[in-house]
Amino acid sequence: MSARASALSALCFSLLLAACDGGADQPPVAEAPLYGSALTGEFDLIDENGEQVRNTDFAGEYQLIYFGYTYCPDVCPFDMTRMMAGYRNFAEANPELADDVQPIFITVDPARDTPAKVGEYADAFSEKLIGLSGTPEQIEAAASSFFVYYSKLDENAETDYMMDHSNAGYLVDREGKPLALIPVEESADAVATELEKWVRPADG
């Protein structure tokens, strides 16, 4: 594992511990584990219709973001299933707040994941979920803004290969600042609990 990947793993582990502590109680937003970190939450990508989508387009909304790829055989689909099931659980209990949370899937495999393909992948999980792709440079910039690690496992393969990547979920606040890590690797209940912990009304 590279030094960057090792540093990312250490950061994610420590932040996940902080993010998962405290149950559904709502601590002060100022105590959110990603506030004050180097994560910027910026991206400039392309949706399934070929339209440009920036992080600033979601001003006033929360963003629930996951980085993965559509050819992923196991981790990504399970994480996405838990993430969207957790979102639905949250929405059932908090319908008005859930309207202000936008789930987003961003590919780390732009060579194969065209905007159309990522859009189809997102639709398979939820009509609410947006799928985004872009050029390799756009994806690299987006991943860097969240400290997401990703790497092609077989550099010589053109179409038949797997990607190694970090698999945290991210919650970004209404002002576009990364707020907390979402435990998509755990359970739908854990995702819903973390959303209830940090998502607040616009005037709250």
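Q: Which residues does Gln-63 touch, not counting residues up to four places away in sequence?
A: Happy to start here, with a note that this is a predicted model. Gln-63 has its place in strand S3, residues 62-68. Leaving out residues up to four places away in sequence, Gln-63 touches Phe-43, Asn-55, Phe-58, Gln-102, Ile-104, Tyr-170, Leu-171 and Val-172.

Q: Is Gln-63 buried or exposed?
A: The relative accessibility of Gln-63 is 1%. Buried means under 20% relative accessible area. Gln-63 therefore counts as buried.

Q: Which residues is Ile-65 in contact with, leaving aside its neighbours within four places in sequence?
A: Good one to look up in the viewer. Ile-65 is among the residues with the most contacts inside the largest nonpolar core, which has 55 residues. With neighbours within four places in sequence left aside, its contacts are Phe-43, Ile-104, Ile-106, Phe-146, Ala-168, Gly-169, Tyr-170 and Val-172.

Q: Where does the largest share of the largest nonpolar core come from?
A: This core has 55 residues, and Met-80 is one of those with the most contacts inside it. The largest share, six residues, comes from H2.

Q: Is H2 roughly parallel, roughly perpendicular or oblique to H6?
A: Helix H2 (residues 75-93) and helix H6 (residues 188-198) pack with their axes 7 Å apart, at an angle of about 50°. Angles under 35 degrees count as roughly parallel and 65 to 115 as roughly perpendicular. The angle between these helices therefore makes H2 oblique to H6.

Q: How do the residues of the contact of H2 with H6 divide?
A: The crossing of the two helices is right-handed. On the H2 side the contact includes Arg-82, Met-83 and Phe-90, and on the H6 side Asp-189, Val-191 and Glu-196 are among the residues. The division is nine nonpolar, two polar and three charged.

Technical notes: Residues are numbered from 1 along each chain as its sequence is written. This is a predicted model: local features need pLDDT of at least 70, side-chain atom pairs count only at pLDDT 80 or more; totals for chains, interfaces and linings use all residues. Side-chain values use heavy atoms; hydrogens and water are left out. Axes are lines fitted to C-alpha atoms, for helices over the stretch in contact, and angles run from 0 to 180 degrees between N-to-C directions. Helices (H or I, at least four residues) and strands (E, at least two) are DSSP runs, numbered from the N terminus. Angles under 35 degrees count as roughly parallel, over 145 as roughly antiparallel, 65 to 115 as roughly perpendicular and the rest as oblique. A crossing is left-handed if the near helix is turned anticlockwise from the far one by less than a right angle, and right-handed if clockwise. Contact means heavy atoms within 4.5 Å. Ala, Val, Leu, Ile, Met, Phe, Trp, Tyr, Cys and Pro count as nonpolar, Asp, Glu, Lys and Arg as charged, and the others, Gly among them, as polar. A nonpolar core is a set of buried Ala, Val, Leu, Ile, Met, Phe, Trp, Tyr and Cys residues joined through side-chain atoms within 4.5 Å. Buried means under 20% relative accessible area, exposed over 50%, partly exposed in between (1.4 Å probe, protein chains only).
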